[in-house]
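New notebook page. I want to look through this one step by step and jot down what turns up.

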Amino acid sequence: MLLQQIATSVAAAGESGHEELAPLWAEPWVFGVSMFAILVVLMLIAWSYNNLGNRHAATDEHADPHRQHPNKHDRGQGH
């Protein structure tokens, strides 16, 4: 049923000829450049967080036997 409606609307659109395009408020290349600039800014924001893990010295995790999912392979770190 849905496929028939889609086929009918496609056939009707093909018979009507050329449709007028919606007007743009800027040149088409402006949209591409602005999207690229936004993505570059987002990339720089994400890249600014790449050194967060190096702020403090690494510490070993305490093996708590009472937590919900204890580490079954603690390699002698716990009690």
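**Starting at V41**

I looked up V41 first: its relative accessible area is 46%, so V41 is partly exposed (buried is under 20%, exposed over 50%, partly exposed in between, with a 1.4 Å probe and protein chains only). V41 sits in helix α2, residues 28-47. A note on what I'm working with: this is a predicted model, where local features need pLDDT of at least 70, side-chain atom pairs count only at pLDDT 80 or more, and totals for chains, interfaces and linings use all residues. Residues are numbered from 1 along each chain as its sequence is written, and side-chain values use heavy atoms, leaving out hydrogens and water.

**Helices and the annotated stretch**

For the protein I get 2 helices and 0 strands (DSSP runs numbered from the N terminus: H or I of at least four residues for helices, E of at least two for strands). UniProt, in an unreviewed entry, puts a "transmembrane region" at residues 29-49; such annotations may be inferred rather than shown by experiment. I checked that span: 90% helix, 0% strand, with its end C-alpha atoms 31 Å apart.

**Burial**

How many of the 79 residues count as buried? I find 3%.

**Aromatic rings**

My search of the whole structure gave 1 aromatic pair. The ring centres of W25 and F31 are 5.2 Å apart and the planes are at 75 degrees, so this pair is edge-to-face (centres within 6.5 Å make a pair, counting Trp's six-membered ring; planes under 30 degrees apart are stacked, over 60 edge-to-face, the rest tilted). W25 is exposed at 74% relative accessible area, while F31 is partly exposed at 25%.
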